[in-house]
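Visitor: Hi, could you walk me through this model? I'd like to look at its interfaces and then at a sheet.
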Amino acid sequence: MTRINLTVDGEKVADDVEARMLLVQYLREKLGKTGTVIGCDTSNCGACTVHLNGQSVKSCNVLAVQADGAEVTTIEGLATDGQLHPVQEAFRECHGLQCGFCTPGMIMQSVDLLKENPHPSEEEIRLGLEGNLCRCTGYHNIVKAVQYAAEHSSGAVEGAPA
Amino acid sequence: MTAVQDAPAAESEIGKDRRRKEDQRLITGRTRWTDNIALPGMLHLAMVRSPHAHAKVLSIETAAANAMTNVVDVLTGADLGEAQGVNANAWPITTDQVTPNHLPMAIDRVAFAGEIVAVVVARTAAEARDAAELVDVEYEELPAALDLKEAAADTVLAHPDLGTNKSAFWQLDSAGQGSGRAIDEVLEEARRDGIVIEREYRQQRLIPAFMEPRSTVVDPTGEQITMWSATQIPHITRFLLAATTGVPESKIRVIAPDVGGGFGGKLQTTPEEWITWFVARRIGKPCKYTETRSESLVSAHHGRDQWQKLTLAATKEGRVTGLKVDLLADLGAYVGIVGGGVPVLGAWMFNAIYKWDAYQFNCTTVLTNKTWVDAYRGAGRPEATYAIERMMDELAAEVGKDPLEVREMNWIKHEEFPFTTVAGMTYDSGNYEAATAKAKQMFGYDELRAEQEQRRANNDTVQLGIGISTFTEMCGLAPSRVLGQLNYGAGGWEHASIRMLPTGKVEVITGASAHGQGHETAFSQIVADRLGVPFEDVEILHGDTQVSHKGLDTYGSRSLVVGGEALVLAADKVIEKARPIAAHLLEASVDDLEFANGRFSVRGTDQGTSITEVALATFASHNYPEGMEPGIDAESTYDPVNFSFPHGTHLCAVEVDTETGGLKLRKYVCVDDIGNIINPLIVAGQVHGGLVQGIAQALWEEAVYDDAGTLVSGSFVDYLLPTAADTISFEIDHTTSPSTTNTLGTKGVGEAGTIASTPAVVNAVVDAVRHLGINDITMPCTPERVWRAINHSGGGGADPTEESAMPHFSPDGPNQDHGETGEGEDL
Ligand code: FES
Ligand code: FES
């Protein structure tokens, strides 16, 4: 067991974890952050995407111990003061989700994408989301949602709602 | 100023692109997936699965696993025995169907790689998995039936005790049932003085690959045993748990909480559910099992997997006179809940939108030692649509006409509805001319054809192909009497109830069970309109058998056309129950009351009361008519009178690089006629998602097995789900021919995109290279297969069609293409 200290969605937390525990398991099983989900066992689906120190990562591909001292933001920490993040708003507005299982990962990845490239072309959006699988939407409306967020926010940067 | 005081007609909810009610919780992570559930003292299960396709289980050594810290128990099939129940087949397609007994956990023989032979129960999932590694199973391998055609010849038996791999033979014959002429006659005529086209197509095996892995939690600690499961069918699961495990139905509560996609893949009662049920009851503690993605791909049922032999008869001008279909359908190792029935659902769809003289559909279902096969989005109808839409293109090529022109020569004209087809179905409504005209215009059909000409003339290395699919499908499974005739184990009705709460809120309970379709939104719109209450005040409850005690769940594009109609009927009953109470309160005669926009008003006066006020009055019950019950809640069970038949014209442009075989989707346009639309936003989403699943069959997806019967594409590394980078944006629109089989005039939309798009894409790919002498490319049309087809290397690849042709094929007959089929290899 290793002691880790980190900040998750703005709260300081500490736990003893097994060295092999994945960050996604830590979030779900220890912290009850079940908004972040697991869709595969080969790091292909991106459903588990969170931000680690402001950068999107697949949390099934990071050990909990690697997050020691880090700042983690999950889908549950994206809205601030009861205000949806512009990308969350855009997904709803554009019907960018159906079953919603891929959605936490898609949103977290889209936020990161827009942070790096606030005005992406359709192609740049599609390439930027390549690591996130969705079986329901055919991606059409997810792409539209990212475009919408780009147009409707003064910069869809994390923590800066429009 | 005189304001218009007559209750201004409230804006209709139906037809509005309402944002979804479901979304708030889903975009903020406040979700209730089954795997999120944690109960005090909950134990975790890990399954031990067979690595062999077919083997005897000689011994299972569990002591080492059992000795691990925090392992509670290790159980084998022998421990579970009969008490584990069975995974039932609810639709034996013939009375003499050969159906292997399907125990959730195998006892002495496994019939596919992935079948469960033991379960480990531990305090954490990780510990259960660690211990599962220590369970030592000794197998004696048996020969496995893997190839569908060989299995159909009974060379190796998947279940030796059954004596055959052939599960059932099912036929529809237009002459036999009186819906058309005899197929042999028509073929004979065509051979003499017309055109006969014979083809064989492969429907590769697909994996539904819903994004949420399946998960089950069973809590045995209450008076009722509760199962949460990532399922499409909580009601059917409850019924079958009772029927096969002996627990009284009244003691069982099944809940499908948020469910992350299904596409037919969660239309199943699974060994994993049954084992979790058994273990929790035996140990007396809540138990959870969540599969890994790799387990999901190997053990959740697959879809498609057919060989289709087609013989089409037509006149020299291109009027189709008949079609004979010979299907081989792989069931895998067991007959799933509707496994045998899936290919049969295609029987009424091969004739699609066309008028023929004769039709015969022959289907043989075959057992093999592979993962079981059952419903996957479209279920039987995509396969049929693929076959006929590919054949219509072949016919067009044969007669040298534009494929749209040939379709038009053959399709049912809009003034001919209702139309009874050669398969014996009566189509409610449609307008193929209108949808096609609109699609052509949106697509720029003539311009693209001109560009194609140009590229051909220039011998461009990148060639353009245009693919067409004018599909129809049948939705709204199904009139119960039809299902009865088909030997199906249940009915096709749906149930709804409406509770008028005293505070003016409305609770609507539906027996449909959504898993991403947006029922909470669309159903709210229907009820809001009908009862004249605000959209926001309607709450849709579903997926919990204790709340929704009666229902048949969600599949087959039935929720709206059947479940929606049940809602309408229940709402109408609420209004009728409220009417005499309203009259009483208003001291008016019932006959003088009008109901509109949620208000009862006394004709010719300004007196009135709202339906929610009536609900409150019945709650107080201080004043209501004598002899009446104080209450206006109502319920209704609706049994559909017929299917509904949406249709559409899909057009696809694909660029093929003839040097590399590389493909590029350039444009995709579809105009679907799905009757009246409740919520255009949700409909568009269903179409987009359906399109990509169908396109994925055409271009990318295939479940591949090796010679030992191991699923090679057993993870998301190898099973190629399309990403955003592989796909394009679509142009979609609608024409509207309201359904005549339900009051809302709606038709289903859940499967339309998937059904239509696969042939549109493959037709486009073949069209791009047809001038090079190619008339087929096996799905998925990978660059390698396309390249091979262009380069004539081996022509057909691993599954040459000609050698194995059925007797009615005459290789030397007219219209055969020799050595130019472009199928790729099976791998
Ligand atoms: S769970 Fe699939 S990438 Fe992390
Ligand atoms: S919305 Fe269902 S997987 Fe993306």
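Visitor: How many salt bridges are there between domain 1 of chain B and domain 3 of chain B?
Guide: The count there is zero. A salt bridge here is a side-chain nitrogen of Lys or Arg within 4 Å of a carboxyl oxygen of Asp or Glu. Before we go on: this is a predicted model, where local features need pLDDT of at least 70, side-chain atom pairs count only at pLDDT 80 or more, and totals for chains, interfaces and linings use all residues. Residues are numbered from 1 along each chain as its sequence is written, chains are lettered from A and ligands numbered from 1 in the order in which they are written, and side-chain values use heavy atoms, with hydrogens and water left out.

Visitor: OK, where are those two domains?
Guide: Domain 1 of chain B covers 23–30 + 493–638, and domain 3 covers 449–460 + 646–827. The bounds come from an automatic or database domain assignment.

Visitor: How much area do domain 1 and domain 3 of chain B bury between them?
Guide: About 1,100 Å², with 56% of it on carbon and sulfur atoms. Buried area is the accessible area (1.4 Å probe) that two parts lose on being put together, summed over both. Helices here are DSSP runs (H or I, at least four residues), strands are runs of E (at least two), and both are numbered from the N terminus.

Visitor: Switching to chain A and chain B: how many salt bridges are counted there?
Guide: Four. In one salt bridge, the side chains of Arg28(A) and Asp35(B) meet at 2.9 Å, N to O.

Visitor: And what area is buried between the chains?
Guide: About 4,000 Å², of which carbon and sulfur atoms give 56%. In chain A, Arg92(A), His95(A) and Arg135(A) lose the most area to chain B, together 20% of what that side buries.

Visitor: Now the sheet. What is the strand order in chain A?
Guide: E2-E1-E5-E3-E4, in an open sheet of five strands with mixed pairing. Two strands pair if DSSP finds at least two bridges between them. The edges are E2 (11–17) and E4 (55–58), each pairing on one side only.

Visitor: In what sense do E3 and E5 of chain A pair?
Guide: Antiparallel, over two bridges. Leu52(A) has Val72(A) in E5(A) as its bridge partner. Helix H3 (residues 103–116) of chain A packs on the sheet, touching E3, E4 and E5; contact means heavy atoms within 4.5 Å.

Note on methods. Axes are lines fitted to C-alpha atoms, for helices over the stretch in contact, and angles run from 0 to 180 degrees between N-to-C directions.
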